[in-house]
Amino acid sequence: MTDIKIPGTLAERLDRVAATSGRRAESIVREALEKQLDYEEWFAKAVQEGFESADREGWLSHEESRNRLKARIEAHKQNAARQNRKAA
């Protein structure tokens with residue numbers, strides 16, 4: 001078993017909940033930990049599935065999107081400069 005240190009205010013809350021619910025503090029901690037670990041595992045799997053789906057569907061990464069946007073902005077600036085030279 002792994003021992004953990006519970007900060008004072010959290011320990012007080014745990015004791016209060018245990019007293020009002022009539023449950024042992026250990027069972028409350030075990031249940032809370034199990035729920036959190038279930039969530040963490042689910043979340044990690046969902047994120048991985050999202051990345052895999054994005055790869056399959058050809059989504060752009062943040063860096064790729066930024067590079068394409070920079071290129072479009074630069075092209076627009078060059079176009080505007082050409083238009084200004086023609087108008088002058």
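**Note on a predicted helical model**

1. Arg24 has a relative accessible area of 58% and is therefore exposed (exposed is over 50%, buried under 20% and partly exposed in between, with a 1.4 Å probe and protein chains only). Its side chain forms a salt bridge with that of Glu26, at 3.4 Å from N to O (a salt bridge is a Lys or Arg side-chain nitrogen within 4 Å of an Asp or Glu carboxyl oxygen). Glu26 is partly exposed, at 43% relative accessibility.

2. The model is predicted: local features need pLDDT of at least 70 and side-chain atom pairs pLDDT 80 or more, while totals for chains, interfaces and linings use all residues. Residues are numbered from 1 along each chain as its sequence is written, and side-chain values use heavy atoms, without hydrogens or water.

3. Along the principal axes, the C-alpha atoms fill a box of roughly 85 × 30 × 25 Å. Of the 88 residues, 7% count as buried.

4. The salt bridges number four. Within helix H2, Glu31 and Lys35 sit four residues apart, about one turn, and their side chains meet at 3.1 Å, N to O. Glu31 is partly exposed at 33%, whereas Lys35 is exposed at 53%.

5. Helix H2 also holds Lys45 and Glu49, again four residues apart; their salt bridge has its closest N and O atoms 3.9 Å apart. Lys45 is exposed at 54% relative accessibility and Glu49 is partly exposed at 43%. Elsewhere, salt bridges with shared partners join Arg23, Glu31 and Lys35 into one network.

6. Two surface patches deserve a look (patch residues have over 30% relative accessible area and no salt bridge; like charges are joined within 9 Å, nonpolar side chains, namely Val, Leu, Ile, Met, Phe, Trp and Tyr, within 5 Å). Tyr39, Trp42, Phe43, Val47 and Phe51 form a nonpolar one, with about 540 Å² of accessible area together (Shrake-Rupley method, 1.4 Å probe). Phe51 lies in helix H2 and is exposed at 53%.

7. Glu34, Asp38, Glu40 and Glu41 form a negative patch. Glu41 belongs to helix H2, residues 25-57, and counts as exposed at 57% relative accessibility.

Technical notes
Lys and Arg count as positive and Asp and Glu as negative; His and the chain ends are not counted. The place of a charge is taken as NZ of Lys, CZ of Arg, CG of Asp or CD of Glu. Helices (H or I, at least four residues) and strands (E, at least two) are DSSP runs, numbered from the N terminus.
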